[in-house]
Amino acid sequence: MSVFSVFRTTMAVLGLHMVLLLSGSSVLISAADVDFDAASNAILSPFSGTTVKTTSDPTTSFTTRVNKTTTRPPAITKHLTEKDEEEEGPPEFAKRSTRSVVKKSNILTKKHRVVIKKAKVVKKTKPQVKKSASQSGTSIQRVTQCPPLGLESLRVKDNQLKASSYKRRGLGPHRGRLNIQSGIEDGDIYDGAWCAQYRDKNQWLEVDARRLTRFTGIILQGRSSIWSWDVVHTYKVQFSNDSVVWKPCMNGTKEAVFEGNQDTETPVLALFNVSTVARFIRINPQTWYQNGTQGDICLRAEVLGCPLPDPNNNYAWLTEPTESRDKLDFRHHNYMEMRKLMKLVHEECPDITRIYSIGKSYKGLKLYVMEISDNPGKHELGEPEFRYVAGMHGNEVLGRELVLNLMQYMCQEYKRENQRIVHLIKETRIHLLPSMNPDGYEIAYKKGSELAGWALGRFSYEGIDMNHNFADLNSVMWTAIELETDRSKLINHYFPIPEMYTSEEAFVASETRAVINWMQNIPFVLSANLHGGELVVTYPYDMTRDWAPREHTPTPDESFFRWLATAYASTNQVMSNPDRRPCHNKDFLRYNNIINGADWHNVPGSMNDFSYLHTNCFEVTVELSCDKFPHASELPTEWENNRESLLVYMEQVHRGIKGVIRDKDTEAGIADAIIKVEDIDHHIRSVADGDYWRLLNPGEYTVTVTAEGYLPSTRTCQVMYDYYPTICDFRLTKIPARKQKEVLPKGKLTKDLQLRLRQLRLRKLRVTTKAINQRRAAAAAKQVKKV
């Protein structure tokens, strides 16, 4: 007989009840419970007059399937700032089929699909579970749920996780976190789940919430592995206040058995029929994929729970800040809500903001950009252009929300006359694109945080990974280096787009085409591409030279890119924490949280490399969080972690040198002049009015400017450590007509063939993009007409 059975029998003899029911919650109380002051909403413990208050913490509302016979708390109404919003607010969890079943001889399993449908009985060769009678009818109800404790986001520390056993260190309980990713090889310290050493029904994974918590559900996932397939099909749940005496989760009068996974990646949500207050919770697998006799008990999990109020501050030492001092709209915004929020910011600060669209997604959603400047809509001479791009992968949503927060923050602080923000807005033209992949985001958003998995919504609607979808100019450059014997003929900047990339048949996403066109229209100087799923800043090149899986592949501007990456990482509160644990399978703390992109993994066709080789713009990738889709309750903390980093990185656009290149006689600006810095084999060009910006670290540089039809000019420019650039203007003298005749046949100037080819290819790309969009619009109109 188990310890709990003996304890339960003893309690029955004594006439004591360990489970109290109040407001739809079962409260597990022991003599070890912490005393709370009595209040009108307190729960009275049968032990020593102990009282426990019921929780009133904010909960998350979402739609799910529940048993008709199950009692549920009343719904909590979503808050929407837009009164006329036609779409629902963000669901934190998806519509899921949630089941609590009494264990019988057979086991019911779900159909293995990405989108989970209604469960059905599988073949006899696999174990099955039948529904209990109480589950014969189901209905859609609105229920309240607690947020995740934070296994995925690492709020739950490694020492809060225990297990009955584990196969090795790399499969220990600290690896049993939802969406954790394994390393390339099985057997290392970064495997993709908790796996029990033994294959029996006595194995468990335990989570210590460290304080009394109202538990409401569990999300389960199989093992992340290239080589192994391990999932838990069904499991039980137990609760405890002291980790000694355990109470099972019940379904009526019988112990509940919950449905687990049929594939390794799809998260499956199970809601408890009755929420339970306790400190500890255990997941106890009952059936799993056998794989003959080689199947292991492996799982990744997240626990849903609300900490009980702490009026006496008994747990103050455990409390982490969950609020922000800034009054911003901290929630997940779908497309309509994002558009409304941007409009509200513009209405609040019309003098410094402008909203414009750079194109449309495959499904016709506009790619909106917020411009913040003291003179919106116009490029000012000498003022650098900066951009943040978020949401390239639709399921990596934190960047989207941070960019929306940044819009609100800059508007508010400008009106408060915060001199740092005022100076930044007056001296910089800032462009914020919160969602490059709105189609993918909407797919992930419908599932919600925790249930979108690791990849749902990552790709465009056409299935394109936009981080590999830009023209591969690295290969063009390296091939030319290998074939060309005369190095003076080689180019190192403004590489033309390959011919094949510009055709209508090219597999180029609508969103990618729109961003490339955007890059041509605005002379960006600095950019950052905001991603999620790790905590690191990567810099070009992202592609290895010989297609190796990973290899350090630096640009000629390696030192400045390292400075840029460090500027963000060193001011980020989480990245700069020396005690933080790795997110998944690589410890970036060893690299000071920055790494050359190609040294992490090979990414051909990245936006960072394209931006560097095709335009004047320097760009890095910022991986913002271990969790790709953080729960809404974590957004204030994430903003606090990243606010300073976002501002500091923008300020780096004023590093280096800048100036205007003019005709010495007419004082007119000279466009497309080439700016060469000695010992750095990467040039940039002046823009339409003759102004330029060259990002450089502090030091002394010899700078040469050349332009078609003009004599070269060279001067020394000193870059200081100040937060403003060194002004280095150039005035070029035209080549005399007599000298032109001596140097050139018939006195004709050579055309810049590189520039002409680049412009020709861009023109063709725009033409094909327009044709594709027209064809799609016509098809959509025809479909609407049929309907």
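**Surface, interior and disulfides of a predicted model**

Trainee: Is Trp 227 buried or exposed?

Mentor: Buried means under 20% relative accessible area, exposed over 50%, and partly exposed in between (1.4 Å probe, protein chains only). Trp 227 has a relative accessible area of 60%, so this residue counts as exposed.

Trainee: What kind of model is this, and how are its residues numbered?

Mentor: This is a predicted model, in which local features need pLDDT of at least 70 and side-chain atom pairs count only at pLDDT 80 or more, while totals for chains, interfaces and linings use all residues. Side-chain values use heavy atoms, with hydrogens and water left out, and residues are numbered from 1 along each chain as its sequence is written.

Trainee: Between which two strands is the loop that holds Trp 227?

Mentor: Helices (H or I, at least four residues) and strands (E, at least two) are DSSP runs, numbered from the N terminus. The loop of Trp 227 is the one between β10 (205-221) and β11 (232-240).

Trainee: What is the area of the nonpolar surface patch that includes Trp 227?

Mentor: Patches are made of residues with over 30% relative accessible area and no salt bridge; like charges are joined within 9 Å, and nonpolar side chains (Val, Leu, Ile, Met, Phe, Trp, Tyr) within 5 Å. A salt bridge is a side-chain nitrogen of Lys or Arg within 4 Å of a carboxyl oxygen of Asp or Glu. Areas come from the Shrake-Rupley method with a 1.4 Å probe, and for residues only the protein chains shown count as cover. Ile 184, Ile 226 and Trp 227 make this patch, with an area of about 410 Å².

Trainee: What is the relative accessible area of Asn 437?

Mentor: Asn 437 stands in the loop between β20 (429-433) and α5 (438-447). Leaving aside neighbours within four places in sequence, its contacts (heavy atoms within 4.5 Å) include Met 392, His 393, Arg 458 and Phe 459. Asn 437 is buried, because its relative accessible area is 0%.

Trainee: How many disulfides does the structure hold?

Mentor: A disulfide is a covalent bond between the sulfur atoms of two cysteines. Here the criterion is a pair of cysteine sulfur atoms within 2.5 Å. With the bonded cysteines numbered in sequence order, the pairing is 1-4, 2-3, 5-6, 7-8, 9-10, and the number of disulfides is five.

Trainee: How many residues apart are Cys 146 and Cys 306?

Mentor: A disulfide joins Cys 146 to Cys 306, with 1.9 Å from S to S. The pair links distant parts of the chain: Cys 146 is in the loop between β7 (138-145) and β8 (161-163), Cys 306 is in strand β16 (residues 298-307), and their separation is 160 residues.

Trainee: Is the disulfide of Cys 195 and Cys 298 left-handed or right-handed?

Mentor: Cys 195 is joined to Cys 298 at an S to S distance of 1.9 Å. Cys 195 lies in strand β9 (residues 194-195) and Cys 298 in strand β16, so the pair ties together parts that are 103 residues apart in sequence. The torsion about the S-S bond is about 115 degrees, so the disulfide is right-handed.

Trainee: In which helix does the partner of Cys 349 lie?

Mentor: Cys 349 forms a disulfide with Cys 411, their sulfur atoms 1.9 Å apart. Cys 349 lies in the loop between α2 (335-348) and β17 (353-360), whereas Cys 411 lies in helix α3 (residues 398-415).
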